[in-house]
Amino acid sequence: MRDLKNTEFLFVIEINGEAGDGILTSGETLLNSVGMLGHHGSIHKSFPSNVREGRCSVLVKISSQPVSSYFSEPEFIVSFKGQKVTLINKRKNNENYVQLKIPQILRKVSILKGSYLLGIVGKVLGMPSELMLKVLMDNVGNKDKNLTYLNRDVFFDGYNCASKEMQSTTFLLPVVEDLNQKRIIIDGNEAIAMGAVSAGCRFFSSYPITPATTIGDYISTYLPQFDGISHQAEDEISALGAVMGASFNGTRAMTATSGPGLSLMQEFLGYSSMTELPAVIVDVQRSGPSTGMPTKTSQGDLFAAALGGHGEGERIVISPQKVEECFYLTIDAFALAQKYRCPVILLSDSSLAYTRETINYPKTVTNTDNHLSNAEMTSRKSPVTQRVTGIEHDSSNFPTSEEQSRVQQMKRRSSKLIPLTQNCSKLMEWDLEDGINDYQLSVISWGLTAFTTKEAIAKLRSEGYQIAGLFPRLLYPINREAFQHFSEYCNRIVSVEQNQTGQFAKLIMMETGQKILTTCKNSGDPWTTEQVTGVLENYLK
């Protein structure tokens, strides 16, 4: 057994089995236990769209340092297939394969299999069995006493079996005794819900849709504590309409949906632009088109977010790159909507929604100010009719189709976002090395893919390559000056994206004329660090 005290370590573990085997619960339990020991970690859940058909897996990263990306090739694979458990340890003898016996009960009660695998992983990592069992019992609940006891028994069966069969491949994960920073474990959707409440959101309306649904679940537990309202609408059109109504009355409001829902919201998206009522719209992207693969990830909604709808309406599109940013960028989304009085679309994705991570406790940022002044809010209750209309109007909001007024209004609305692109350093992340002005390759990436790409670039730099990086959180409107300046470091630019056609690269090329190569993946699974490293290496050869 190897003692890891006072050493840096990183484990990447995959646990997989059939849907209904309790695999996802085992991953949650492992991450919670790691967090209680004081270490960093993340898990990403992958499961089929059908409830009890197909394979489920959790990719768990456990580290003495904050994880630098969520997706890497696993070093340990613990798998339940048929009536057999196999463990592949790529750290030992290049690839060590162990097949374990299973208790008879697992042949009858499949939901216990995850607890058995959890016991095996716990022993391999040298984690305290009592701690893991306590977390497991909290996760499985105690509604069915017999099932609770069975989970406990098979957990120890797995733990003891690993003790006998795998002594030579186990580690001793230490306990961090001095925790200077409180940490919590949340996923991307929960971080968005917390960020919204912290930003002063007091009205939320949505129609449930995978993988955005849990944003509504989370925020429904928070808003009543702040005299806010959570509303389930009859469809996505109504949801954004309700948000518009709340915004008209001065309340900070948000909705959340996924691809098909964003399609339905296009009508009110234009209405928000024309009436200049602030609104925050979260789109948790999934694989489309149509129903597609609802539980799989994609970055395929960028065109719909930036260019969708009829006419020419102003909107802002931003995208977080990791779980923690989901909290802070949601706060920024409300600030931008208030400042520029237009819809702001926050593009998350399925992988961020299903990834849980240990993060430092967020800084408290509470803002309950309404976007209307007290005088304006009072006037809403006055006997004078207030005109807020989707029809073209003059500066007094009076409907008109008079040519001069139309031209002035279009010019004013289309130019009001110019200051945003000129003062958005917070939303543009540059990665340039000191003293280098001529790079071998420049890379652009956004959203969760950017988080993975950063680790790939760091790896290639350690091998001597010179690569520049640009990771915008502001996706639209396009910051022309930033991209043109970026091209001065290297005219060979490649965009790494999670879609079929390289949507962000096309938007940049459309706005700047800069030629950009695209490397895309649209399988439904996120890019891994090894995959991004491989494709960038090919460009560098």
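**Notebook: burial, contacts and helix packing**

I began with Leu307, which at 40% relative accessibility counts as partly exposed; buried means under 20% relative accessible area, exposed over 50%, and partly exposed in between (1.4 Å probe, protein chains only). This is a predicted model, in which local features need pLDDT of at least 70 and side-chain atom pairs count only at pLDDT 80 or more, while totals for chains, interfaces and linings use all residues. Residues are numbered from 1 along each chain as its sequence is written, and side-chain values use heavy atoms, with hydrogens and water left out.

**Entry 1**

I located Leu307 in helix 10. Helices (H or I, at least four residues) and strands (E, at least two) are DSSP runs, numbered from the N terminus. I then listed what Leu307 touches, not counting residues up to four places away in sequence: Arg315, Tyr476 and Leu507. Contact here means heavy atoms within 4.5 Å. For Leu307 and Leu507, 200 residues apart along the chain, I noted a C-alpha separation of 9.8 Å.

I next looked up Glu312, in the loop between helix 10 (302–307) and strand 14 (316–318). Glu312 is exposed, its relative accessible area being 65%. Its C-alpha atom is 9.4 Å from that of Met274, 38 residues away along the chain.

**Entry 2: Arg356**

I found Arg356 in strand 16 (residues 355–360). With a relative accessible area of 12%, Arg356 is buried. Its side chain makes a polar contact of 3.1 Å with the side chain of Glu28. A polar contact is a pair of N or O atoms within 3.5 Å; within protein, one must be able to donate a hydrogen and the other to accept it, and residues adjacent in sequence count only if both atoms are side-chain atoms. Leaving out residues up to four places away in sequence, Arg356 touches residues including Glu28, Lys45, Asp187, Glu190 and Tyr218.

**Entry 3: Asn189 and helix 5**

I placed Asn189 in helix 5 and noted that Asn189 is buried, at a relative accessible area of 0%. The side chains of Asn189 and Thr214 are joined by a polar contact of 2.7 Å. Among the residues that Asn189 touches, beyond four places in sequence, are Pro211, Tyr218, Val284 and Leu352.

I then examined how helix 5 (residues 188–198) packs with helix 11 (residues 323–340): the angle is about 35° and the axes are 7 Å apart. Axes are lines fitted to C-alpha atoms, for helices over the stretch in contact, and angles run from 0 to 180 degrees between N-to-C directions.

**Entry 4: Aromatic pairs**

I looked up the aromatic pairs and recorded a count of 13. Rings of Phe, Tyr and Trp (its six-membered ring) pair if their centres lie within 6.5 Å; planes under 30 degrees apart count as stacked, over 60 as edge-to-face and the rest as tilted. Tyr70 and Phe71 form an edge-to-face pair, 6.1 Å centre to centre with 80° between the planes. Tyr70 is buried at 1% relative accessible area, and Phe71 is buried at 4%.

For Phe155 and Phe156, the ring centres are 5.3 Å apart and the planes lie at 70°, so this pair is edge-to-face. Phe155 counts as buried at 0% relative accessibility, whereas Phe156 counts as partly exposed at 27%.
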